[in-house]
Amino acid sequence: MYPDYMLESIHKVEQTRPERLEIARRLGKQIYPAMTGPEREAILSRFHPDYKPDSRRAVRVGVNKGENLTSEIADLLESYSRIKPEQFDLKKWDLETDVLIIGAGSAGMSAALTAAQQGVQVSLVTKHRLGDSNSMMAQGGIQAATQRDDSPVIHFLDVVGGGHFDNLPALVRALVNDAPESIKWLEELGVMFDKKADGTLLTVAGGGTSRNRMHSARDYTGAAICRVLRDEVYNQPDRIKYLEYTAIVELILDSHKQVIGAIAYHLETKKYSLIKARSIIIATGGFGRLHIQGFETTNHYGATADGLVLAYRAGVKLLYMDSVQYHPTGALFPEQIVGFLCTEKIRSIGAQPVNKDGELFVWPLEPRDVESAAFIRECVERQKGVVTPSGKVGIWLDSPLIDQINGPGFTEKSLPAMLRQYRRFDIDIREFPMLVYPTLHYQNGGVTINDHGETTLPGLYVAGEAAGGIHGRNRLMGNSQLDIIVFGRRSGLHAALRAKKGVKFGKPSLQHVLAYEKEVAELGINPKKIAPILLPDYIPDHVKAKQLTVEYFGNLF
Amino acid sequence: MSDPREMVTVLIMGEAYEVPAGSTIIMAMEYAGFQLKKGVGCREGFCGACATVYRLKGDYKLRGGLACQTVVSDGMTLAQIPFVPAEKPLYDIQNLTPDINAIKVLFPTVFRCVACNTCTKACPQEIKVMDYIQALKRGDIAKAADLSFDCIRCGLCALRCPAEIVQYNAATLAQRLYGRYLAKRSPELEDRIAEIKAGKYQAELDELSSLKKEDLSQRYYKREIKL
């Protein structure tokens with residue numbers, strides 16, 4: 001529960017609530033003026049974390065060399081391999097498959113199911129358990145222009161407007177075109193979307209959408225989709241072999257300059273193995289666990305950008321890796337849930353962001369980057385934030401409005417996960433607002449692909465958050481759940497077709513790793529860094545100070 | 001080195017560690033120096049990877065919870081359960097009937113339920129697990145799908161069940177049967193898919209795809225917002 005001094009601010013929120021409720025009743029969603037283009041640019045340049053002076057720097061190695069990237073990404077890329085290429089006998093494969101998929105969130109599993117349907121053998125590897133991913137944690141919804149007053153054309157406009165018109169049109173087109181079909185595909189696999197009794201899909205707005213286009217499954221949308229895909233993967237053991245607690249640490253190329261395999265590492269046994277494949281799909285997700293600029297994150301434990309490192313070392317260009325998405329509403333109190341996602345759907349269905357005096361200061365449904373910048377301005381420049389006992393500053397998300405606008409019981413029906421999350425810490429979000437602040441959420445950019453999910457390296461495909469270009473420099477709510485299905489299926493199909501057509505394998509090689517490491521060595525970075533990092537390191541300094549093993553011998557360290 | 005925060009003693013698999021009061025179990029284990037590979041996942045209560053059983057000081061009860069959502073207390077003793085050996089029957093969802101027959105064939109153990117309610121008490125999501133198992137016994141797929149919807153598959157119910165039921169896998173089947181067969185289809189969705197297949201939006205998308213940034217921007221800020 002909130003301490004007394006915070007309750008004083010909540011009291012002010014309660015005092016302005018009837019008036020704000022009245023505005024919502026009168027004006028619907030348009031309770032505050034939407035920002036114009038120049039207003040958006042102005043607030044972003046002043047308050048969005050991407051615009052801080054040292055947020056970006058030129059990367060000094062690889063195919064994007066000289067380009068400004070998010071500093072933590074440049075750091076990650078200027079790293080050595082986990083392996084020594086000369087220790088591997090590339091003639092001895094431990095596993096041979098048609099399509100190898102790296103990562104088992106909803107993108108990887110959609111790809112696996114689609115590829116398997118083509119009759120090819122699929123191997124799906126994940127460093128966690130099957131389905132453990134950011135996909136599973138998505139709450140708010142999945143976009144698709146299914147409603148009569150909407151269309152793929154309007155969806156297209158919303159996507160590129162949110163992305164600052166940097167999106168690759170061919171990818172946006174694929175996204176909006178395949179969206180309704182993707183909803184149908186999921187329904188036929190047994191995903192339960194929120195519906196009216198007559199079957200009409202229920203939709204709400206998201207930040208930056210000009211129509212109600214968000215389909216949800218309570219506030220467990222990602223889980224509802226991901227668990228069905230996982231169950232379906234379980235059901236097809238003859239076609240899809242899955243390997244858990246297995247990370248991929250390098251790609252293997254060949255003399256024809258194509259990708260033909262990967263080096264796998266088992267997290268428990270620490271054994272490496274070689275997997276040969278006709279096509280490979282990277283579906284490793286994003287980078288939240290890199291804690292860009294020290295931000296807390298909404299992301300899964302494994303969101304360490306492994307796929308970016310693999311593709312980049314193999315010579316594939318990254319796109320828009322200078323852009324980071326901070327979700328406006330990360331939890332800020334209590335301490336145990338700081339950084340956790342408070343779904344955008346909370347605002348979609350009527351909650352309003354207000355400052356310590358209970359004043360509305362921004363339209364709740366601006367695109368995420370703009371909304372986040374407005375929150376930061378309110379706290380930093382205007383000093384209208386609420387300070388937590390540990391000194392963090394945030395703004396209120398006035399959730400009690402939801403039931404007042406939509407009727408009693410609405411929060412319970414629409415946001416069971418949120419209600420449960422706060423109830424665990426003795427806060428009833430139907431009675432008290434939630435204290436929030438922007439939290440590191442999404443990797444807007446990623447590996448460059450075309451509308452088949454193909455990269456410039458023959459045989460290599462990328463799907464989901466690891467890919468770049470679809471969302472430009474800012475993704476809208478619900479387009480990630482969509483993108484993982486659309487590009488999961490597209491990459492799965494085309495990877496399978498390539499495998500079926502037959503691939504002429506050349507001489508396997510890890511030369512690209514050696515060449516890359518030579519570039520890194522020239523930088524003389526000390527101490528050396530190794531990537532992919534696979535898991536974040538949360539061991540505190542006082543323990544580290546006593547972890548004094550000089551070198552690791554065998555398995556004991 | 002001493003931590004200025006208030007500390008409590010927690011027994012992680014029987015060994016005592018001093019950790020800051022107010023930590024979740026995950027935070028406590030990491031503070032103690034564990035590099036977690038299993039028994040950890042989304043860290044926000046959505047993936048079910050961190051099921052943990054524990055006893056509180058002076059309390060006879062064996063409790064269950066998610067390590068990312070449960071706050072430690074002084075004298076708490078705990079063990080993580082990173083994996084649950086559970087039966088998962090294989091099926092083709094496209095060739096089932098959404099009724100009691102599917103349950104009889106695929107989850108016969110459901111009919112062993114003795115209505116002891118241990119599963120419900122074990123559920124960290126406070127789901128009425130026994131009630132949805134009872135619904136399945138009656139062949140009420142819709143009810144079971146609805147009641148079990150918020151399940152995150154941590155496995156604690158199945159571990160405590162004296163009838164050896166794997167509740168969460170039965171829940172997945174119920175939800176898929178409901179979504180696939182019992183939920184009515186949306187006519188708008190079918191119409192839109194047909195329109196797209198017929199190429200209705202091709203020309204407009206061609207045009208948008210070819211616009212320069214400035215023109216696209218102009219089009220965007222002029223678009224009608226209908227919410």
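Domain bounds here come from an automatic or database domain assignment. On that basis chain A is divided into domain 1, residues 4-31 + 328-440, and domain 2, residues 85-323 + 444-508. Each of these two domains is written as two stretches of sequence. The model is predicted.

Start with how far the two domains of chain A sit from each other. Their C-alpha centres lie 32 Å apart. The contact between them takes 24 residues from domain 1 of chain A and 25 residues from domain 2 of chain A. On the domain 1 side, the elements that give two or more residues are α10 (345-348), α11 (368-380), α14 (416-423) and β17 (434-443) of chain A. That side divides into 11 nonpolar, 6 polar and 7 charged residues.

Now take chain A as a whole. It holds 17 helices and 21 strands. Its C-alpha trace spans about 75 × 60 × 45 Å along the principal axes. A compact globule of 557 residues would have a radius of gyration near 24 Å, and chain A agrees, because its value is 23 Å. Of the 557 residues, 60% count as buried.

Confidence comes next. Chain A averages a pLDDT of 97, and 99% of the residues score at least 70. Within chain A, the lowest confidence is in helix α17 (residues 541-544), at a mean of 94. The highest is in strand β19 (residues 460-462), at 99.

One helix of chain A deserves a look. Helix α15 runs over residues 479-501 and has 23 residues. From first C-alpha to last, α15(A) reaches 32 Å, close to the 33 Å expected at 1.5 Å a residue. The helix is mostly covered, with 19 of its 23 residues buried. Just after α15(A) comes A:Gly502, which takes a positive phi of about 100 degrees.

Next, zoom in on a single residue. A:Glu250 is placed in strand β9 (residues 246-254) of chain A.

Turn to chain B. It has 10 helices and 5 strands. Chain B is more spread out than a compact globule, because its radius of gyration is 25 Å, well over the 17 Å that the globule rule gives for 227 residues. Along its principal axes, the C-alpha trace of chain B spans about 70 × 55 × 30 Å. Buried residues make up 43% of the 227 residues. Of the contacts in chain B with a separation of 6 or more, 59% are between residues 24 or more positions apart.

Chain B also has assigned domains. Domain 1 covers residues 7-80, and domain 2 covers residues 93-182. Their centres, taken over C-alpha atoms, are separated by 28 Å. Here 8 residues of domain 1 of chain B are in contact with 7 residues of domain 2 of chain B. Strand β4 (residues 63-66) of chain B gives the most to the domain 1 side of this contact, with 3 residues. That side has 4 nonpolar, 4 polar and no charged residues.

Finally, bring the chains together. In the model, 62 residues of chain B are in contact with 71 residues of chain A. On the chain B side, the elements that give two or more residues are α1 (25-32), α7 (167-182), α8 (187-197), α9 (202-210) and α10 (213-222) of chain B. Which of them gives the most? It is α7(B), with 7 residues. By class, the side of chain B that touches chain A has 28 nonpolar, 14 polar and 20 charged residues.

Methods. Residues are numbered from 1 along each chain as its sequence is written. Chains are lettered from A and ligands numbered from 1 in the order in which they are written. This is a predicted model: local features need pLDDT of at least 70, side-chain atom pairs count only at pLDDT 80 or more; totals for chains, interfaces and linings use all residues. Helices (H or I, at least four residues) and strands (E, at least two) are DSSP runs, numbered from the N terminus. The expected span of a helix is 1.5 Å times one less than its number of residues. A residue is buried if 20 or more other C-beta atoms lie within 10 Å of its own, exposed if 12 or fewer, and partly exposed in between; C-beta atoms are placed from the backbone. pLDDT is the predictor's confidence in each residue, from 0 to 100. Two residues are in contact if their C-beta atoms, placed from the backbone, lie within 7 Å. Ala, Val, Leu, Ile, Met, Phe, Trp, Tyr, Cys and Pro count as nonpolar, Asp, Glu, Lys and Arg as charged, and the others, Gly among them, as polar. The radius of gyration is taken over C-alpha atoms; the globule rule is 2.2 Å times the number of residues to the power 0.38.
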